[in-house]
Amino acid sequence: MKTTMRAAVCVRAGGPEVLEIRELPVPAVREGWSLVRVMAAGLNRSELRTRQGHSPGVTFPRVLGIECVGVVAASTDPALPEGTTVAAVMGEMGRAFDGGYAEYALLPNALLMPVTTTLPWEVLAALPETYLTAQGALDALGVRPGE
């Protein structure tokens, strides 16, 4: 496996010029977390706000990205074996810990959603946040199946 990766790093709060492509070490797997080879990442307004410095508690430098899709490269969860296609979203990705704007992301196992799909990566990457937003709205309204 590779020992370094490319990542878009937000070096400080500001405009687009604060994003730098850097070579970083591939994160080491630790208990409760798995390493995902990122195949695509969604772009969200929240990342714009974080980059601008409007997300309290975010420290820089930080790899942004609150959602990504990819393949498990190394796992600490038997339910998420290497090679599993996964989607991950939110849960402080790109804020409390580095997110999906990188070739690899070390993510909490609880955030990884195994998926079986034939969708292209770039289409799949646009779905996790959109799905959870729509599902959350339906849940908040109390809408039940068939309604």
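1. Trp33 is buried, with a relative accessible area of 16%. The model is a predicted one, and the points below should be read with that in mind.

2. The structure holds 1 aromatic pair. Its members are Trp33 and Phe97, arranged edge-to-face, with 5.0 Å from centre to centre and 80 degrees between the planes. The two residues are 64 apart in the chain, and the pair links distant parts of it. Trp33 belongs to strand 3 (residues 33-41), while Phe97 lies in the loop between strand 6 (85-89) and strand 7 (104-108).

3. Is Phe97 buried or exposed? Phe97 has a relative accessibility of 14%; the cut-off for buried is under 20%, so Phe97 counts as buried. Trp33, at 16%, is buried as well.

4. Trp33 has a further neighbour in Arg30. The charged end of Arg30 sits over the Trp33 ring, 3.9 Å from the ring centre.

5. Helix 1 spans residues 45-52, and its buried residues are Ser46, Glu47, Thr50 and Arg51. Viewed down the axis of helix 1, these buried residues fall within an arc of 140 degrees, so they line one face of the helix.

6. What covers the buried residues of helix 1? The cover includes strand 1 (4-10), strand 2 (19-25) and strand 5 (67-74).

Definitions and conventions. Residues numbered from 1 in each chain as written. Predicted model: local features only at pLDDT ≥ 70, side-chain atom pairs only at ≥ 80, totals over all residues. Heavy atoms only, no water. Phe/Tyr/Trp six-rings, centres within 6.5 Å; stacked < 30°, edge-to-face > 60°. Helix = DSSP H or I, 4+ residues; strand = E, 2+ residues; numbered from the N terminus. Buried < 20%, exposed > 50% of the residue type's maximum accessible area, 1.4 Å probe, protein only. Lys NZ or Arg CZ within 6 Å of the ring centre and 35° of its normal. Arc of directions from axis to C-beta. Contact = heavy atoms within 4.5 Å.
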